[in-house]
Structures are given as C-alpha cells and as structure tokens.
Amino acid sequence: MTSPSRLSAAALSDRIRPKMIVTDLDGTLLRRDKTVSDRTRAALAAADAAGIEVVFATGRPLRWLRVVDGVPGASTAVCANGAVVADLRPDGHRVTRLRPLDNAAALRVVSALRAVAPGTSFAVESTGGMGYDPHYPPLFPDAGATVGPVEELLSGAIGPDAPEGAGPGGPPTVVKLLAHHTELTPDLFLDLGRGAAAGDADVTRSSPSALLEISGAGVTKASTLAAHCALRGISASEVVAFGDMPNDLELLSWAGAGVAMANAHPDVLAATPWHTADHEEDGVAVVVERLLELPPAPAGSALPAMNRQPG
C-alpha cells in the first residue's frame, strides 16, 4: 500500500483559507471521557480571535450540549444532525431554527423498518423530550422519558409537553426518530434503514451499535450548515469541517476541506483525502494550529499529523 504523502502548508493554503471551522463532537472534538482538552480549547480560542467562526455540528440533542459549555470560540451549534440550530450565548442555549421530521412520514418509516428488520425498537426525540417504546433499550437513560407505543408517541396521545404548544393531544415536534436493533450489524441496519425510509426521511448513524438516527427528508448537517453559511456570506469553499462517523459524510463532502479523524469509520476515511490525528491526540487542534500558522509559514513546511491519502 502506498504511504500517504505529507501535506505542506503551501498546499493547504492553496486549497482553502477558512472563514469557518465546523466540528463534530463525539469521536472528533471530545476525548473518550467527553472532555475538551486544554490544547483544543486554546486552538478554538485562537481561531475565534483570528475572525474564523467556529460551529459545533453534532447528532446530540440540544439538551446534551452542556458538555461544551465554556469551550471558547463557538457561538452556534447544529444539533440532531441538522434538525436544530442553536445560539450558544453564555446566558443560555436558544433555538434559532427547527427542521422537524414530519409525523406522518415518521409513522411510514416505522412501518417500513418493521417490515425489513423485524425486532426494531424506536424512540422519539421531540422538542418536549424523549419517548421510548417498551422494547427500546436504555442506551442513554432519561428519567423523564415517556414509555409507550411509538405510534402513540408520534400522534401525541402520550408524551412530554412541547414548548411549541403541541403537547399531549396533539402531534409533537419531532426532532429525530431513533431505531435500534439487537441482532443486525450497524452498517447492515443502516443500509436497510435507508432503503425503508427512501423519500420520507434521511437515515444515518453515529453510534457503534445498531442505532439509526432518522431525520426529515433532506435534513443533514451539511444542508443546515449550507443555509447557515448563506446567511453569513460564507461559501462551502471557505469551510473546514471535521468528523468521524457516517452522519458526518455529507458535511465532509460539502465543506471546502472535510477532515476525517484517524479513529473515523472506514467509510469516512475513504470519503475524504484529508485526515488528521485521533480525537485522543487532539486531531482538530493539530489542523487548526497549522491553519493559523499558514500565512507566515515557509513554503513546504510540514503538517505532521495531517495527511492526504493518494487519489
């Protein structure tokens, strides 16, 4: 196998001069213990000081973003794989855009998935909170979750109150539908899910288990960020993005430079020629530091941990 060639600062400078840095969280910015290292904090603060906008793009719901409270630089988060955009001001997280999953489409996906993958269990992430069907495993326990048939959760017959006023008795605003299988491999389940949901929803995954994340048709990190950038006069060619799992594929393809972590899923590593170090080794910081060094760097200076794969 041919060893990867080293990228030079001059080569990267020719490729992109970023106005925005977009980073996934789990497996990318966060270490395994769900912390952000001092080195990474310093790199993001330096990017912000240089006038580069920093955006978090994650599959996490907004309520799980406390893990990055106090991380410098970022004022915006794209959550739930593009379904929610939030302002991360110090005085609280404020939703600025919602791209929900249509409830009728979600019901069709439930039926189609049960047909192609019997034994699938479901959870509903809405603006009001979580709901699980009785067979859904407690992957991320939520003491406030409602438990009941997914059809009743999606109809609003049962479920948490939604801030938008849907509440019980009316359909909830669905941010994301989750589907879990105990026997299928994650990638096979993903293939089955995409086939079952075609035309009704976008299906992806970020978990090492067979857990699908189902969003509205056309809702991805990339499509939401494209709209966000258009409002700011930033083109895709001015964006550097980082990710590690299939839910980052569209984002890494859309950005001017999509960078895969060394620990990324094989499909992600194959999808982009730009790779960096493992998330445990501060791979995001490695690249950001080099980007900020580009203007004064001599031509041909090496980027030790960021390699471009042949082809």
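User: This is a predicted model. What span should the twelve residues of helix H6 have at 1.5 Å a residue, and what is the distance between its end C-alpha atoms?

Analyst: The expected span is 1.5 Å times one less than the number of residues. For H6, residues 186–197, this gives 16 Å, and the end C-alpha atoms lie 16 Å apart, so the two values agree.

User: Which residues of H6 are buried, and where do they lie around the axis?

Analyst: Buried means under 20% relative accessible area. In H6 this applies to Phe-189, Leu-190, Gly-193, Ala-196 and Ala-197. They cover an arc of only 130° around the axis, so they sit on the same side of H6. The face turned away from that buried side carries the exposed residues Asp-191 and Gly-195.

User: Against which elements do the buried residues of H6 pack?

Analyst: Their partners are helix H4 (103–116) and the strands S10 (174–180), S11 (201–204) and S12 (211–216). Just after H6, Gly-199 adopts a positive phi of about 90°.

User: How does helix H7 read by the approach applied to its length and its buried residues?

Analyst: H7, residues 221–232, has twelve residues and reaches 17 Å from first to last C-alpha, close to the 16 Å expected. Its buried residues are Lys-221, Ala-222, Thr-224, Leu-225, His-228 and Cys-229. Ala-230 and Leu-231 are exposed on the face turned away from the buried side.

User: What follows H7?

Analyst: Gly-233 follows, with a positive phi near 70°.

How values were computed:
Residues are numbered from 1 along each chain as its sequence is written. This is a predicted model: local features need pLDDT of at least 70, side-chain atom pairs count only at pLDDT 80 or more; totals for chains, interfaces and linings use all residues. Side-chain values use heavy atoms; hydrogens and water are left out. Helices (H or I, at least four residues) and strands (E, at least two) are DSSP runs, numbered from the N terminus. Buried means under 20% relative accessible area, exposed over 50%, partly exposed in between (1.4 Å probe, protein chains only). The arc is that of the directions from the helix axis to the C-beta atoms. Contact means heavy atoms within 4.5 Å.
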